[in-house]
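Q: Could we go through this structure together, one element at a time?

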Amino acid sequence: MNFVEELRWRGMIHDMMPGTEELLNKEMTSAYVGIDPTADSLHIGHLVGVMMLRHLQRAGHRPIALIGGATGMIGDPSMKSAERNLLSEDDLRHNQECIKKQLSKFLDFESDAPNAAVLVNNYDWMKDYSFLTFIRDIGKHITVNYMMAKDSVKKRLSSDSGVGMSFTEFSYQLLQGYDFLYLYRNLGCKLQMGGSDQWGNITTGTELIRRKEAGEAFALTCPLITKADGGKFGKTESGNVWLDPERTSPYAFYQFWINVSDSDAAKYIKIFTSLSEEEINALEKEQEAAPHLRALQKRLAEEITVMVHSREDYEAAVEASNILFGQGTAEALRKLSPKMIEEVFAGVPQFTISKDELQQGVKVIDLLTEEAAVFGSKGELRKLIQSGGVSVNKEKISEQDHLITTKDLLGDKYLLAQRGKKNYFLLKVNE
């Protein structure tokens, strides 16, 4: 597999230094991507860089994931309007371990292959580097004029916020440049990759390698991912879409991808999956022939949910979605965890009912009018029962005196009432 060609048809190349493609075609190349460790989970904004490393390894090259333990203590000024909070070493080490587990789903760290992935943390080589030694050995090779010309610096200094930029953040590109130099010397790394906003930081590294080592190093960046409507990719009303199931559940993760627009799905399926060009072309034809079936969104959501979580989590998310949209069964509903039930039916009207009364049993006609005002009157409820339009827990109710007890509770906590095909009501028992 030709790595550059692979990225090119996937729309994943923004800038590339001359000679990069020739290097990759000539020899097994070590390349790295830096990952910010300010949280104990990656979010989907990190996935573009991770997928670049994945494609790199598939093409026979060696991926290096660099956890920015030292640089994470400072904060990259690129695309930021203010400085970030500094983290303790304990927090950074914890975050590193969590991130490595997630990366292991995308990259092979364990095999004996010469291109097995490597995880490094720049804190390990920066923690004992004295300030005086650093500015003497590294700082003297890069001029202030060179650093001031970078877009990330110019934007911050020319902004109207009045915040300016501290020396700490100004020094960031020197630290990132030294990372590249260190990896060049110690791991033979000749290529750094990242988002297009990182071009200035990456080329500082190539310049440092040229001046310090008389060596040649290369840079490759991918476009920053955007949404067709101009919104920020990876952000929802509740914040970032995380890879950690405790932060973003597999169901919510699946829902993010299944709900993207047609134009975004066509772009994302190339970036966030390993499907071949032929497979994606076939899916695009399916989508064109029957857009309402959403072939691209379904396959995108499947591929990425299975990759990040598991096949079981994906299937549970699909079943849960089917229940919400009227195709699920009573058996499937009973399989859902209480947490999943809350997530799936978060947007439907909810009522609180008494668990004590359910111990004795409550007639449906009383439960859905008096205990929970699902129906405005008993007459309305009777008519709908007669026409087969009332269900509890996905099971049709045929008698108005049908008794509901605690045995009917889902997860010992919920009842799901349904009026017609699409109107759901969640009844939650009081504790």
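A: Two strands are taken to pair if DSSP finds at least two bridges between them. The model is a predicted one. Strand β2 (residues 30-35) and β3 run parallel and are joined by six bridges.

Q: Which residue of β3 stands opposite A31?
A: That residue is P63.

Q: What is the strand order in the open sheet of six strands?
A: The order is β1-β6-β5-β2-β3-β4, and the pairing is mixed. At the edges stand β1 (15-16) and β4 (118-121), each with a single partner strand, so one side of each has no neighbour in the sheet.

Q: And the helices on it: which strands does α4 lie across?
A: Helix α4 lies across β2, β3 and β4, and runs at about 165 degrees to β4. Helix α10 (residues 172-187) also packs on the sheet, where it touches β2, β3, β4, β5 (189-195) and β6 (218-222). The direction of α10 makes about 145 degrees with that of β5.

Q: Where does G68 lie?
A: G68 is in the loop between β3 (62-67) and α4 (89-103).

Q: Buried or exposed, that G68?
A: G68 counts as buried, because its relative accessibility is 5%, and the cut-off for buried is under 20%.

Q: Changing topic: how do α13 and α14 pack?
A: Helix α13 (residues 262-271) and helix α14 (residues 277-289) pack at an angle of about 170 degrees, and their axes are 11 Å apart. Angles over 145 degrees count as roughly antiparallel, and the two helices are therefore roughly antiparallel to each other.

Q: Which residues meet there?
A: From α13, D262, A266, I269 and K270 meet I280, L283, E284 and Q287 of α14. The residues of this contact comprise four nonpolar, one polar and three charged.

Q: Now β14: why is it described as largely enclosed?
A: Strand β14 covers residues 414-419, and five of its six residues are buried, so the rest of the structure largely encloses it.

Q: Which strands pair with it, then?
A: Strand β11 (residues 390-392) pairs with β14 in the antiparallel sense over three bridges. Strand β15 (residues 423-429) also pairs with β14 in the antiparallel sense, over six bridges. Q418 of β14 stands opposite S391, and also opposite Y424 in β15.

Note on methods
Residues numbered from 1 in each chain as written. Predicted model: local features only at pLDDT ≥ 70, side-chain atom pairs only at ≥ 80, totals over all residues. Heavy atoms only, no water. Buried < 20%, exposed > 50% of the residue type's maximum accessible area, 1.4 Å probe, protein only. Helix = DSSP H or I, 4+ residues; strand = E, 2+ residues; numbered from the N terminus. Axes fitted to C-alpha atoms, helices over the stretch in contact; angles between N-to-C directions. Parallel < 35°, antiparallel > 145°, perpendicular 65-115°, else oblique. Contact = heavy atoms within 4.5 Å. Nonpolar A, V, L, I, M, F, W, Y, C, P; charged D, E, K, R; others polar.
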